[in-house]
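The sequence and the model are shown first.

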Amino acid sequence: MSKPKLSSVKESSKELKKLQTGKPAQIIKRPNMLIELRKHGVEGISKRKLAKIVGVDPNTIQAWRTLYFDKG
């Protein structure tokens, strides 16, 4: 079993919550992922656990994390 991926999210929780305002439910899930990554930044979180919290497929989490860390 692989170790959880450590991450550093640049945006504050306040900024991420602001991104959720007035957006459709599916769009809100991406900032939720980043909020959870911030919460677990030091110890990390697995994509499966993160997917369960956010409510999406683990492969979606992996794609979103890759996009975020490659392009911001």
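Of the 72 residues of the protein chain, 32% count as buried, where buried means under 20% relative accessible area, exposed means over 50% and partly exposed lies in between, with a 1.4 Å probe and protein chains only. The model is predicted: local features need pLDDT of at least 70, side-chain atom pairs count only at pLDDT 80 or more, and totals for chains, interfaces and linings use all residues. Residues are numbered from 1 along each chain as its sequence is written, and side-chain values use heavy atoms, with hydrogens and water left out.

The protein chain has four helices and zero strands, in the order α-α-α-α along the sequence. Helices (H or I, at least four residues) and strands (E, at least two) are DSSP runs numbered from the N terminus. Of the contacts in the protein chain with a separation of 6 or more, 53% join residues 24 or more positions apart; contact means heavy atoms within 4.5 Å.

A nonpolar core is a set of buried Ala, Val, Leu, Ile, Met, Phe, Trp, Tyr and Cys residues joined through side-chain atoms within 4.5 Å. The largest one here has 14 residues, and those with the most contacts inside it are Met 33, Leu 34, Leu 37, Leu 50, Val 54 and Ile 61. H2, H3 (47–54) and H4 are the elements that give two or more residues to this core. H2 gives the most, with four residues. Leu 50 touches Met 33, Glu 36, Leu 37, Ile 45, Ile 61 and Arg 65, leaving aside residues up to four places away in sequence.

|---|---|---|
| H3 | Leu 50, Ala 51, Val 54 | Arg 48, Lys 52 |
| H4 | Pro 58, Ile 61, Trp 64, Arg 65, Tyr 68 | Asn 59, Asp 70, Lys 71 |

In H4 the buried residues fall within an arc of 120 degrees when seen down the helix axis, so they line one face of the helix. The arc is that of the directions from the helix axis to the C-beta atoms. Just after H3, Gly 55 takes a positive phi of about 90 degrees.

H4 (residues 58–71) has 14 residues and should span 20 Å at 1.5 Å a residue; its end C-alpha atoms are 20 Å apart, which agrees. The expected span is 1.5 Å times one less than the number of residues. At the start of H4, a side-chain oxygen of Asp 57 comes to within 2.9 Å of the backbone nitrogen of Asn 59. Gly 72 follows H4 and has a positive phi, near 85 degrees.

Rings of Phe, Tyr and Trp (its six-membered ring) pair if their centres lie within 6.5 Å; planes under 30 degrees apart count as stacked, over 60 as edge-to-face and the rest as tilted. By this rule there is one aromatic pair. The rings of Tyr 68 and Phe 69 have centres 5.2 Å apart and planes at 75 degrees, so the pair is edge-to-face. Tyr 68 is buried, with a relative accessible area of 8%, whereas Phe 69 is partly exposed at 33% relative accessibility.

Arg 38 lies in H2 (residues 25–39) and is partly exposed, at 37% relative accessibility. Its contacts, not counting residues up to four places away in sequence, are Val 9, Lys 10, Glu 11, Ser 12, Ser 13 and Leu 16. Arg 38 and Val 9 are 29 residues apart along the chain, and their C-alpha atoms are separated by 5.9 Å.

Methods. Polar contact = N/O pair within 3.5 Å; in protein donor to acceptor, adjacent residues only side chain to side chain.
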